[in-house]
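Dear colleague,

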Amino acid sequence: MKSSNPVFARSAEFNGRGSATTVNDPSQWQVDLNGSPVSSPTHTEPGVGRMTIDSVVEKTGLTLALLTVAAAVTWFAIGDVIDPTTGEATMGKAATFATLGALIGFVLAMVNSFKKVISPALVLAYAVFEGVFIGAFSKVIAAYVGDTSIVFQAVLGTVVAFAGTLAAYKFFNIQVTDKFRKIMTISGFAIVGVLLINLLLSVTGVFESGGLRGFNTLGLLVSCALVVYATFMLIMDFDYAEKGIEAGLPERESWRVAFGLTVTLVWLYIEILRILAILRGDN
């Protein structure tokens, strides 16, 4: 079985040739194209377990907890962004933290996405720097709307979206088809390309007010579309986790699932926060 989610595509166990195999010689886990196990391992190396729902929850919880702590520490380290004498926002410190967190987090995300053997240390490092970015970006948005409660609302919206998508995936038995994977993959590369071009043109002054990412009606529409896409990505993440557990992948693959879910949830949170800020700014 092959995952078209870029986060999971480089997994050594999902090699894209109709089977999933572990590197724990001589044991092999194999699944057919639908993700159903067709053979079981004869034995495993001492201390090497299989991926289970418990291991996925544990690794994901640890990753998200570290991200949350990093975000909280960054939020309080930045302090007040409103100058008490002038009443104007001073975003210099927050912008620096956000930029550094975003750049380093992006590099780590690329490394983790294309690494065949997942590294728990790199996944946790990604969580830390992405937490720095989230903490700083949230501070900027809170200052923009003049209300810190918007951050709690965005967190709540992300949790609701996650829970609702998971419930729909399980209760309606949503199946991830090859066509769906291809559409999501092509769309993902297109979205990243467009957003990078938009960022470049915005930084160079070609686009005013952020272009597609401005805090205006166009920016609202783009963020709404990206929320829908991120929700579909959650379905891809759930599918990978479910198929991996069925295939009996090594426990370390739980870190890949944790990384994929963290990437998607961060993206979902950022877009929901932007939507709330745009709606608040129009009032």
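What follows is a short account of what was found, going from the whole chain to single residues.

Please keep in mind that this is a predicted model. The chain contains 7 helices and 2 strands, and, read from the N terminus, these elements follow the order β-β-α-α-α-α-α-α-α. Of its 283 residues, 42% count as buried, while the accessible surface comes to about 13900 Å², with 68% of that area belonging to carbon and sulfur atoms. Among the contacts with a separation of 6 or more, 71% are between residues 24 or more positions apart.

The largest nonpolar core has 50 residues, and those with the most contacts inside it are Ile134, Ile150, Val257, Tyr269 and Leu273. Two or more residues are given to this core by each of the helices H1 (53-78), H2 (92-114), H3 (120-145), H4, H5, H6 (217-247) and H7 (253-282), and H6 gives the most, with 14 residues.

Finally, asparagine 173 lies in the loop between helix H4 (149-171) and helix H5 (178-203). The phi angle of asparagine 173 is near 50°, which is a positive value in a residue other than glycine. Because its relative accessible area is 53%, and exposed means over 50%, asparagine 173 counts as exposed.

With best wishes

Methods: Residues are numbered from 1 along each chain as its sequence is written. This is a predicted model: local features need pLDDT of at least 70, side-chain atom pairs count only at pLDDT 80 or more; totals for chains, interfaces and linings use all residues. Side-chain values use heavy atoms; hydrogens and water are left out. Helices (H or I, at least four residues) and strands (E, at least two) are DSSP runs, numbered from the N terminus. Buried means under 20% relative accessible area, exposed over 50%, partly exposed in between (1.4 Å probe, protein chains only). Contact means heavy atoms within 4.5 Å. Accessible areas come from the Shrake-Rupley method with a 1.4 Å probe; for residues, only the protein chains shown count as cover. A nonpolar core is a set of buried Ala, Val, Leu, Ile, Met, Phe, Trp, Tyr and Cys residues joined through side-chain atoms within 4.5 Å.
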